[in-house]
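Visitor: Please show me the model, and let us go through it by question and answer.

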Amino acid sequence: MILIDTNALIILVLGLMDPRQIKNHKRTSIYEEKDFYELVNAIGTFDRLMTLPNVWTETDNLLNNFKNSHKYNYYLVVKKLVSETSEKYLSTSRALLNDSFLELGITDSLILEIGEDCEFIITSDSKLSDYAIANGIKVYDVVKMRNSRF
Amino acid sequence: MESSIKEVYKVAKEELSHLIDIENSDYRLEQIEFNKQEQVWLVVISYLIPNNNKSPLLIQSLPFERIYKKLKINEAMEVTGLYMFNEAG
């Protein structure tokens, strides 16, 4: 399975809504449509993609403020992704067992916790990427990919 | 827009090159936004430095830590501010 973090999931959701939205959203302003297409290519099929309830909550908190037709489009994309991907619940107490909690917080500590069992993780959080690599986890680093084109 | 982002990236990188070993620090552009009211680019960059202040609370400390900085760059591509930045904010 492939595990995806919040900021990378935001790129995926925005891209599925309309790839042109990626440049215009504050959270994804450094990215281009190319980053979305490369991300989709790396994932392959959505049934390989796994995330955490925490990641969906963070993503929705950051994106669920669309108006009118965009709002319904957002709903359709989230519905599609939730139905085609899988979710793994981990208790918050497991995040607290990890030293990385002090630096990364609950969600990213849980990603590290199960990242070791995944084929790779997808992140656009440079600090999470640093910790994952230090822990021997294979990473698809969206920020690094984007910066390689500057 | 894309050419502007590339230009801002270069200006920020040049500014930081006076402070860090830019080629060996995994320097990255993290966020960029043009503030229309102030007519400035707000840019967040990150880079790695040796971790010389490891917390006694941590069993596993990484040998490096990622630092985030915020820059303001005006339309003339001059850096007008360099600030600490908390990536959680």
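Visitor: What is the handedness of the crossing where α1(A) passes α5(A)?
Guide: This is a predicted model, in which local features need pLDDT of at least 70, side-chain atom pairs count only at pLDDT 80 or more, and totals for chains, interfaces and linings use all residues. Residues are numbered from 1 along each chain as its sequence is written, while chains are lettered from A and ligands numbered from 1 in the order in which they are written. A crossing is left-handed if the near helix is turned anticlockwise from the far one by less than a right angle, and right-handed if clockwise. The crossing of α1(A) past α5(A) is right-handed.

Visitor: Which residues of α5(A) make that contact?
Guide: Contact means C-beta atoms, placed from the backbone, within 7 Å. From α1(A) come A:V13, A:L16 and A:M17. From α5(A) come A:N73, A:Y74, A:V77, A:V78 and A:L81.

Visitor: How are α1(A) and α5(A) oriented to each other?
Guide: The axes, lines fitted to C-alpha atoms over the stretch in contact, come within 9 Å and cross at roughly 120 degrees, on a scale from 0 to 180 degrees between N-to-C directions. Angles under 35 degrees count as roughly parallel, over 145 as roughly antiparallel, 65 to 115 as roughly perpendicular and the rest as oblique. The two helices, α1(A) and α5(A), are therefore oblique.

Visitor: What pattern does chain B follow along the sequence?
Guide: Helices (H or I, at least four residues) and strands (E, at least two) are DSSP runs, numbered from the N terminus. Chain B has one helix and four strands. Read in order, the pattern is α-β-β-β-β.

Visitor: Which element gives the most to the side of chain B that touches chain A?
Guide: On that interface, 18 residues of chain B are in contact with 14 residues of chain A. Two elements of chain B give two or more residues each: α1 (2-16) and β1 (28-35). With six residues, the top contributor is β1(B).

Visitor: Is B:D26 buried, exposed or partly exposed?
Guide: B:D26 sits in the loop between α1 and β1 of chain B. A residue is buried with 20 or more other C-beta atoms within 10 Å of its own, exposed with 12 or fewer, and partly exposed in between. B:D26 has 18, so the class is partly exposed.

Visitor: Which residues does B:D26 contact, leaving aside neighbours within four places in sequence?
Guide: B:L62 lies 36 residues away along the chain, and its C-alpha atom is separated from that of B:D26 by 15 Å. The contacts of B:D26 beyond those neighbours are B:Y47 and B:L48.

Terms used. Contact = placed C-beta atoms within 7 Å.
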